[in-house]
Amino acid sequence: MALISIRNMSMGFGGHLLFDGVSLHIEPGERACLVGRNGEGKTTLLHVIKGDVVPDQGEVYRQPGIRIASLPQEIPSDLHGTIQDIAVSGLENTGAIPSGDGHEAGDEDTWKRLAHVAKILTQLQLSPELMFETLSAGMKRRALLARALACQPDVLLLDEPTNHMDIPSIDLMESLLSKFAGTLIFVTHDRAFLEKIATRIIEIDTGRISSWDCGYADYLVRKADLVNVEADQNHQFDKKLAIEEEWIRQGVKARRTRNEGRVRALMQLRQERQNRRSRAGSAKMELQEAERTGKLVLEATGVSFAWDGKPVVRDFNTMVMRGDRVGIIGPNGSGKTTLLGLMLKQLAPDAGTVRHGVNLEIAYFDQTREQLDEDKSVQDNISNGNEYLTINGRRRHVIGYLKDFLFTPDRARSPLKTLSGGERNRLLLARLFTRPSNVLVMDEPTNDLDVQTLELLEELLLDYTGTLLLVSHDRAFLNNVVTSTLVFEGDGLVREYIGGYDDWLRQRKPLEIKKKQPERPKEKSKPIPAAGGKMGYMEKRELAALPQQIEAMEKELAGLFEQMSAPDFYKTDAQTVSRMSARQQELESSLEIAYARWEDLEARSG
């Protein structure tokens, strides 16, 4: 039986119809991804499923007692307290929130709930004592995910869960969610995440919902086939309508009684054509290219740079030639933006030299530094009040230019503050592309963009004859665009690899992989007997001691996480990073065993 059923739902905002008589059923255990362009209603549908938004028409059924938790796209600004406080607040959905420290005497249920929260924090590598308001955006999203999982929800809703996360954090989330036993419904622009997690695709397109019981790769193939069939059917329909319209214009013959049926049929054809909602158009982004650079774009030789004595970049060497597309990979806080600053001569190195070629025209996309004026309209943010722009030597009206980026004339004249996150990113790209360049520097350009726009941006960058420097955590984007990667590998070491993200994974030396994933200890605990049978004296003592043992291990692990979560952690020496990572893996393994043992003994003690 379906956990959630939506029947004949219609709703819209501001005259724009999001859903037109749609129905949808969510079954237990599904991992469904909502796909569609920005503004099609993906986030709204999540709100409807949770019950935060009531549709204009239709019914929404949820099984009685169902627990639904969510990870929102935007980080709430009013949350304060420790990570432990934030995670424990998720127990509200269970109907039993512990008071104080939660260790009320004899409250076994509360102890189990808190133990579950502690396990989640361990799995997400979060230190319970850290203050939420001091965390990076990526760490805050991890804490909010812990809050959502605390109540052991039947349905978990995730809206762009990988936003602001680095690749190690995304890998961690993927590992956790792939083991989630409940139903998962999510929205993401991260195609690698989508391919790994989704078992069902729910597409929202021009007010309709279609369901595809397959993974993302199969969906793309089936969708392409369907679009081709629909296009052929529409062509045949339009051809028939044109013939009938020509016939009706003959006048007298059409008004004869014996032809009244044909007239009625024509009226029906006209109505069907009017009801057909055309698919949203594709963006037509165009880069404005400057005169070509020389063959050499830049060369770094022996470059080193440190903050407060800790190395960010050490003995870095590279040569970037015209037409190269270079990706930069590293954990948050490792120094990727600093490396860009050194390569662009915005920062002076402590040692070494950076040499630029001739005739460089650099355009820089940086979401955190690019300023949009909230008080201006969309078009004024592009043109500064002018009606025309010059793009690649052609004079273009600003409204027509913005249409290429999927802004309607009404949207182009709207205040900036009305735009969604994806629309703001499209606007930033539109403004960037008005500047002639032969070196394009992009720092996380993919956040909040829908998959179709991402794919178009990929094609644009592949056709770009200039040079690209790209910082991104989007693995699919890196795979599809870059020709080489610069990877931060700890202690200021930056290595260069040929190809994209997957190519880097294949080229890493076995020793490096072993250092990052040390072997887990083999003889750390006694074998766990099968559940059942009476407990002996020693097992009773073991059960009594387990909570203290678990608490001690969690405290040590929390201390490690606090050190490893610091922005400058990867600036420490490689031996320390390796040692702490090995201890982290050892503690996580021991905790998994201890939790399993505790659950077994608890079941037998009852």
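**A guided look at strands, helices and cavities**

Visitor: What makes strands β10 and β11 a pair?

Guide: Strand β10 (residues 296-307) and β11 are joined in the antiparallel sense over 8 bridges. Two strands count as paired when there are at least two bridges between them, so with 8 bridges β10 and β11 qualify. One example is alanine 300, which stands opposite threonine 318 in β11. Please keep in mind that this is a predicted model.

Visitor: Which strands join β10 in its sheet?

Guide: The order is β11-β10-β13, so the open sheet has 3 strands with antiparallel pairing. On average, neighbouring strands here are turned by 15 degrees against each other, direction ignored.

Visitor: Why are β11 and β13 said to stand at the edges?

Guide: Because β11 (310-321) and β13 (351-356) have a single partner strand each, one side of each is left without a neighbour in the sheet. As for how strands hold on to one another, strands of a sheet pair through backbone hydrogen bonds, in either a parallel or an antiparallel way.

Visitor: Where does helix α10 lie?

Guide: Helix α10 (residues 336-343) lies across β10, β11 and β13, and runs at about 55 degrees to β11.

Visitor: Why is α10 described as largely enclosed?

Guide: Because 7 of its 8 residues are buried, α10 is largely enclosed by the rest of the structure. The buried residues are Lys336, Thr338, Leu339, Leu340, Gly341, Leu342 and Met343. After α10 comes lysine 345, which has a positive phi, near 65 degrees.

Visitor: Why is arginine 475 called buried?

Guide: The cut-off for buried is under 20% relative accessible area, and arginine 475 has 6%, so the word applies. Arginine 475 belongs to helix α16 (residues 475-481). Leaving aside residues up to four places away in sequence, arginine 475 touches Ile167, Ile170, Asp171, Glu174, Asp190, Ala192, Phe193 and Tyr501.

Visitor: How much of the chain counts as buried?

Guide: Of its 606 residues, 49% count as buried. The chain has 20 helices and 20 strands. Among contacts with a separation of 6 or more, 69% are between residues 24 or more positions apart.

Visitor: What makes β2 and β4 edge strands?

Guide: Let us begin with their sheet: 3 strands form an open, antiparallel sheet in the order β2-β1-β4. β2 (16-26) and β4 (57-62) are its edge strands, since each pairs on one side only. Neighbouring strands of this sheet are turned by 25 degrees against each other on average, direction ignored.

Visitor: How do you know that β1 and β4 pair?

Guide: Strand β1 (residues 4-13) and β4 share 5 bridges in the antiparallel sense. The requirement is at least two, so 5 bridges make β1 and β4 a pair. For instance, isoleucine 4 has arginine 62 in β4 as its bridge partner. Helix α1 (residues 42-50) packs on this sheet and touches β1, β2 and β4, its direction making about 130 degrees with that of β1.

Visitor: How many cavities of 30 Å³ or more are there?

Guide: The count is 3 cavities. The largest cavity holds about 70 Å³ of space. Its lining consists of Glu289, Ala290, Arg292, Thr293, Arg322, Ser437, Asn438, Thr465 and Gly466.

Visitor: How do the residues of that lining divide into nonpolar, polar and charged?

Guide: The lining of the largest cavity has 1 nonpolar, 5 polar and 3 charged residues.

Definitions and conventions:
Residues numbered from 1 in each chain as written. Predicted model: local features only at pLDDT ≥ 70, side-chain atom pairs only at ≥ 80, totals over all residues. Heavy atoms only, no water. Helix = DSSP H or I, 4+ residues; strand = E, 2+ residues; numbered from the N terminus. Axes fitted to C-alpha atoms, helices over the stretch in contact; angles between N-to-C directions. Contact = heavy atoms within 4.5 Å. 1 Å grid on protein atoms, 1.4 Å probe; cavity = no way out; pocket = protein on both sides within 12 Å on 5 of 7 lines; lining within 4 Å. Points joined across faces, edges and corners; volume = space filled by probe spheres on them. Nonpolar A, V, L, I, M, F, W, Y, C, P; charged D, E, K, R; others polar. Buried < 20%, exposed > 50% of the residue type's maximum accessible area, 1.4 Å probe, protein only.
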